[in-house]
Amino acid sequence: MSRTIRAFEPAEIHAGNRGLGNDHDSVAGAVEKLLGRMSLEQKIHEIHGWQPSAIEGLYYAGGDESLGIPSFRMVDGPRGARTGTATAFPVAIARGASFDVALERRVGLAIGLEVAAKGGNVLLAPTINLLRHPGWGRAQETYSEDSFHMGAMASAFIGGAQNHVLTSPKHFAANNLENTRFEMSANMDLRTLHEVYLPHFRRCVQEAGAASIMSSYNQLNGIYCSEDPYLLTEVLRTRWGFKGFVESDWFLGTRSTTESLRAGMDIEMPAAYRRAAEKLKDALEAGEIGEQDIEIAAAHALYQKIAWDLNNLPVPDAGVVECAEHVSLAREVAEKSIVLLKNSPAMLPMADQPGLKLAVVGNLADMVNLGDRGSSMVTSSETTSPLAGIRELVQQAEVVHLAEDADLSVLSEFTAAVIVTGLTYKEEGEFIPTAQIETEQSELARGGDRSDLKLPDSQRDLIRRVTAAAPRTIVVLEGGSAIEVDDWLDDVDALLMAWYPGREGGRAIARVLFGEVNPSGALPVSFPRSASHLMDWDVTALDVQHDLLHGYRYLDQHQHAARFPFGFGLSYTSFKADDLHIERNGSGFLLRVRVINAGDVAGACILQAYVGYPDSAVDRVPKELKQFARVELDSGESASVELPIDDSQLCYFDTGSDDFVLENCGYRFLIGFSADNLPLTAQWNLTDADWQAQDD
Ligand code: GLC
């Protein structure tokens, strides 16, 4: 009897999520009562951070002992607690590649627990800006180029983390370029904003009950997001019903005293610059703001302090930090996020046996490469490099490390070479405008966007030298986004994308190379054959026009086949999908598909359902992801996979009616294992609320 697997179970994902189920009226009443006891100074103290620098790694905001009001104690970030040492998980885009929402909930639980154990109560995560172009410096910090996929992963993370601490999805909104992030304007029409750049934030607010939101540095259509009343009040509160607070990004995240307050940005971080008491009092005296404007912002902060009973938030034992369970989880995540992109017959997995003479080549092989050194940085007390991981696992084969400057002609005497190459914090990362040069010791590095997607010349030269000498070559790529591989792909026998795989990444890479783990990751970002197949990308731009197209949507529209498409990943086994059934189910569809593991080892695949809109009367993208499920099967096993798609997911944003509309047109369902491999199709047509299946 085959099992039934469902895509996303909200009850499981949000179990224990303290951001859901609050009694709004009771909390609002308590806030009102408390405000009535507060002086103007006490209210002002609630709407800004304490000081520019962190106090033992935490950024404080608000609080008043005399009134029993706790302070917010905020800390980054998306891959672990950025204070002291903590479990350094694989970066978010690696977790995105797992397409495993249950796993992402566990990551959120673990990071939330460690943050709480360190005295924090607000986790400044997840980062959910869409990967509009793979050159974005903070690509590693987000989950995906696709809004639906992003929303599912982020909701799962919040569902876990908010068992322990408040979260703060960021950066609201359209922070998609790094080098000019403080000044640039992301320009787009309302349809693009609501259909592409906001749905994942909306899901975090409405489904996951995100306790706060961080506004972004950039402008949206010429208005700084931290002072945009449309974003912060009309959309976030009036349309979505958000009850939490908005904190600014740090320093330049607040650009004004009056405009930011009246727009709905509640707490200036990390300290009182524009929100300094004298500036607020000047604005009061000048009649630019009223005391009620200050009171509204203070009320938003107090709301969560009362709703979460922040004074009594449990503080776990310090022993949970980097505990064995979290370390083991970090390895499991790294294993499930590795994407097998190429595997010539019989190259991988390798067998650890006498006679195998393996060269592990490259400086990155013997280096810790956890990701960028911006605000998402995590310091791990232990890490395992790929070389260390291979040496620890392999008992019978001979393993030799060759640095990049070694004489590689010796490779002809080896069975195969594994090159560990890719990017580091020097090539990509959060843009920190520090004059500090990158050194191994520096805590910070300039980071920034990548203006092209190729590997550094030194790494492409290394691959050329190795493939010229070694009988067979495996490339393990580390990095936070798509990398152009076309100029050397044909010369290598196997290729893995390992991302920045966290503290246990070396062990995970070794276990995949030697078959202890069957790779199951799938790309959360399209790898183009050439950057010229993507939209124009200018890392100095101050005005950037956004539209409905990017990633696989752009490649589809411009008929450029990806080198490796969104959702693509190979396995050591093979999977088939058949027997598609689609039925109406309440306010949407339920798709059922049979998936079979047709190979001879256990494994997992990512079943994906996209929708296209034949004969739509408005511009629509060729197709877009609307559901996915990770399916783990033993050899020969099959399962019935259920993929729910609600009608609300099929709407487009109609600027005329200023709302989402379900159009009378055809809806083509395409199901398979990547954006370019969708063998199962079916169409339903909608005419005035009447759905009819079309015989294909
Ligand atoms: C940064 C980042 C933001 C981070 C904040 C605090 O500039 O943009 O993501 O949470 O500072 O470190």
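Salt bridges come to a count of 47 here, where a salt bridge is a side-chain nitrogen of Lys or Arg within 4 Å of a carboxyl oxygen of Asp or Glu. This is a predicted model, in which local features need pLDDT of at least 70 and side-chain atom pairs count only at pLDDT 80 or more, while totals for chains, interfaces and linings use all residues. Residues are numbered from 1 along each chain as its sequence is written, and side-chain values use heavy atoms, with hydrogens and water left out.

Colour by pLDDT (the predictor's confidence in each residue, from 0 to 100). The protein chain averages 97, and 98% of the residues score at least 70. Strand E1 (residues 3-6) has the lowest confidence, with a mean of 93, and strand E8 (residues 212-215) the highest, at 99. Labels H (H or I, at least four residues) and E (strands, at least two) are DSSP runs numbered from the N terminus.

Back to the salt bridges: select Asp578 and Arg594, whose side chains meet at 2.7 Å, N to O. Asp578 sits in strand E19 (residues 575-585) and Arg594 in strand E20 (residues 588-597), so the pair ties together parts 16 residues apart in sequence. Asp578 is partly exposed, at 24% relative accessibility; the scale is buried under 20% relative accessible area, exposed over 50% and partly exposed in between (1.4 Å probe, protein chains only).

Next, pick Arg464 and Asp461, a salt bridge with its closest N and O atoms 2.5 Å apart. Both belong to helix H15 (residues 457-469), three residues apart, or about one turn of the helix. For a network of salt bridges, select Asp100, Arg106, Glu332, Lys336, Arg630 and Glu632.

Now show Glu247, in strand E11 (residues 245-247).

Last stop: the open, mixed sheet of six strands, ordered E12-E17-E16-E15-E13-E14. Two strands pair if DSSP finds at least two bridges between them; E12 (339-343) and E14 (398-402) are the edge strands, each pairing on one side only. Zoom in on E16 (residues 473-478) and E17 (residues 494-497), which run parallel and are joined by four bridges. There, Val475 stands opposite Leu495 in E17.
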